[in-house]
Amino acid sequence: MPTALLSVSDKTGLVEFATGLTELGWNLISTGGTAKALRSAGIKVRDVSDVTGFPEMLDGRVKTLHPAVHGGLLARRDLPEHMKALAEQKIATIDLVAVNLYPFEETAAKVGAKPEDVIEQIDIGGPSMLRSAAKNFGAVTVVVDPADYPRVLAALQASDDDLDLRRLLAEKVFARTAAYDAAIAYWFGCQRSEIFPERIGIPLQKESSLRYGENPGQRAAFYVEKKGDGIAALHQKGGKELSFNNLLDLEGALFATDPFEAETCCAIVKHTTPCGLATGDTPLDAYKKALACDPVSAFGSVISITVPVDDETAEAVSSLFVECIVAPEFSAGALEILGRKKNLRVLEGRARWREHSLDYKRVRGGFLAQERAARDGNEADWRVVTKRQPTEGEWWDLRFAWRAVGSVKSNAIVLCREGATIGIGAGQMSRVDAAFLSVHKARLVGNDTRGSVMGSDAFFPFRDGVEQAAEAGVSAIVQPGGSVRDEEVIKAADEYDMAMVFTGKRQFRH
């Protein structure tokens, strides 16, 4: 009779799977808690210690690390010398292994988890059995994911010697153990505050297949670091499936509203950069102010709102063609209203970055890794560099402009008034062109630039950007400073009686 070894941390579907195996005449071997769970369900099982001849040792650290287990898994059935060696050592073959691993990732992610508790969740025997069985997939079926129990049982019940299935299951094993080891290595690096270790493993899981990539003809898929984290934590309440570009724009919209999480804020994003961003007294107020910045570009946009969306806001949004909207919550009426737009993707919840997560940029042959930019509004290094101090109202708008410009593609300039962008110059090769574009876009929709403030993501290399602002009637500017021509730039601001604040911090976004 064939033999299966079952040793699982996640016992989802275990009893049903074991019952199916016993009905097919399989012998079952198991360990510790798994054996206990099976016996409680009335399933006959043999302890692994009966197979090895040794009891479990060291508080369960040593259970299956024995030739009687790994010999039974690794022996090639088509090699007589392998089978002879097993017979000489009185080792029986093991034909199926179902193992899932100690919950290391979940334990390490707990706030305040003690290092000794995390270390105890590093599985040793489990990965070893999985790898042995997967290496010998030609003869051994290996199951690491409980979701695969039904199809494995179905194949066995049909007496289907499905080599392709066993190969696929082996692939899943090596992907899982690689991700598991990567998580362990990352945790150890964090313990010594090493942000950039010599090697980085990025364990990713496929969340979904996508219809295509940025353009038709490019195959694509969405991978996540952990199920239920980040964007994958959002719940889709309506609309078509998310596309590749939807996901990119969704990240851009969330990035734009991140600094305003404690306020009522709305970002309207196209091609990952805002075409309108505003705070308001209500979500409707914020949405209307954001839309007023560039209503033409808002067609086909992705919208992020930081507070629950009510019926009134939903009615306003539904009058515009929108690809996707995300908010912490939607009223029942809002869902009904937005649901009338069958293609509008409605996403509910909060999508946060994992603690200590790095920012990656793909280049040919590798990745660039960097710390995520702090966008906490820290003004410790801010200083007024002009003769004129900003007024109270200008200070309020300058703070808003500085947080807003950080989400715009560089070179970036924003014009702002009363907690809203009124003109955005994004992605220009020269800063003076970005300044010109921000003014041009504002005037194009009838926004008065006089008395507005300007935010720049990097320093002005020449005074021409200030002159462009002065011509538009801008009264104050916030920028990092740091140019070799800072004195010329400051002098220009003084000549036009503008207030200028240096933040000492650049906010490039490539």
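Modeller: Start with helices α1 and α9. Helix α1 covers residues 14-23 and helix α9 residues 149-157. The packing angle is about 5°, and the axes are 10 Å apart. Axes are lines fitted to C-alpha atoms, for helices over the stretch in contact, and angles run from 0 to 180 degrees between N-to-C directions. Helices (H or I, at least four residues) and strands (E, at least two) are DSSP runs, numbered from the N terminus.

This is a predicted model, where local features need pLDDT of at least 70 and side-chain atom pairs count only at pLDDT 80 or more, while totals for chains, interfaces and linings use all residues. Residues are numbered from 1 along each chain as its sequence is written, and side-chain values use heavy atoms, leaving out hydrogens and water.

Which residues of α1 and α9 make the contact? From α1 come Leu14, Glu16, Phe17, Gly20 and Leu21. From α9 come Tyr149, Val152, Leu153 and Leu156. Contact means heavy atoms within 4.5 Å. Seven of these residues are nonpolar, one is polar and one is charged. Here Ala, Val, Leu, Ile, Met, Phe, Trp, Tyr, Cys and Pro count as nonpolar, Asp, Glu, Lys and Arg as charged, and the others, Gly among them, as polar.

Two strands pair if DSSP finds at least two bridges between them. Leu6 stands opposite Ala98 of β4.

Phe17 and Leu21 of the helix contact return in the largest nonpolar core, which has 47 residues. They are among the members that touch the most other members, together with Leu6, Leu28, Leu73, Leu96 and Phe104. Helix α10 (residues 163-191) gives the most to this core, with eight residues. A nonpolar core is a set of buried Ala, Val, Leu, Ile, Met, Phe, Trp, Tyr and Cys residues joined through side-chain atoms within 4.5 Å. Buried means under 20% relative accessible area, exposed over 50%, partly exposed in between (1.4 Å probe, protein chains only). Setting aside residues up to four places away in sequence, Phe104 touches Val118, Gln121, Ile122, Tyr180, Ala183, Ile184 and Trp187. A separate, second core has 27 residues, including Ile305, Ala316, Val346 and Ala420.

Helix α10 also holds Tyr186. With a relative accessible area of 39%, Tyr186 is partly exposed. Beyond its neighbours within four places in sequence, Tyr186 contacts Glu355, His356 and Ser357. Its C-alpha lies 8.4 Å from that of Pro197, eleven residues away along the chain.

Phe196 is 174 residues from Gln370 in sequence, but 8.6 Å from it in space, C-alpha to C-alpha. Phe196 is one of the residues that Gln370 touches. Gln370 is partly exposed, at 40% relative accessibility.

A second open sheet has six strands, in the order β16-β21-β20-β19-β17-β18, with mixed pairing. Its edge strands are β16 (383-384) and β18, each pairing on one side only. Four bridges join the antiparallel strands β17 and β18. Leu415 has Gly423 of β18 as its bridge partner.

Finish in the loops. Most residues other than glycine have a negative phi, and most peptide bonds are trans. Glu418, in the loop between β17 and β18 (421-425), has a positive phi of about 50°. Glu418 is exposed, at 55% relative accessible area. His271, in the loop between β9 (265-270) and β10 (273-279), has a positive phi near 50°. His271 is exposed too, at 65%. A cis peptide bond joins Ser410 and Asn411, with omega about -10°. Asn411 lies in the loop between α15 (392-405) and β17 (413-416).
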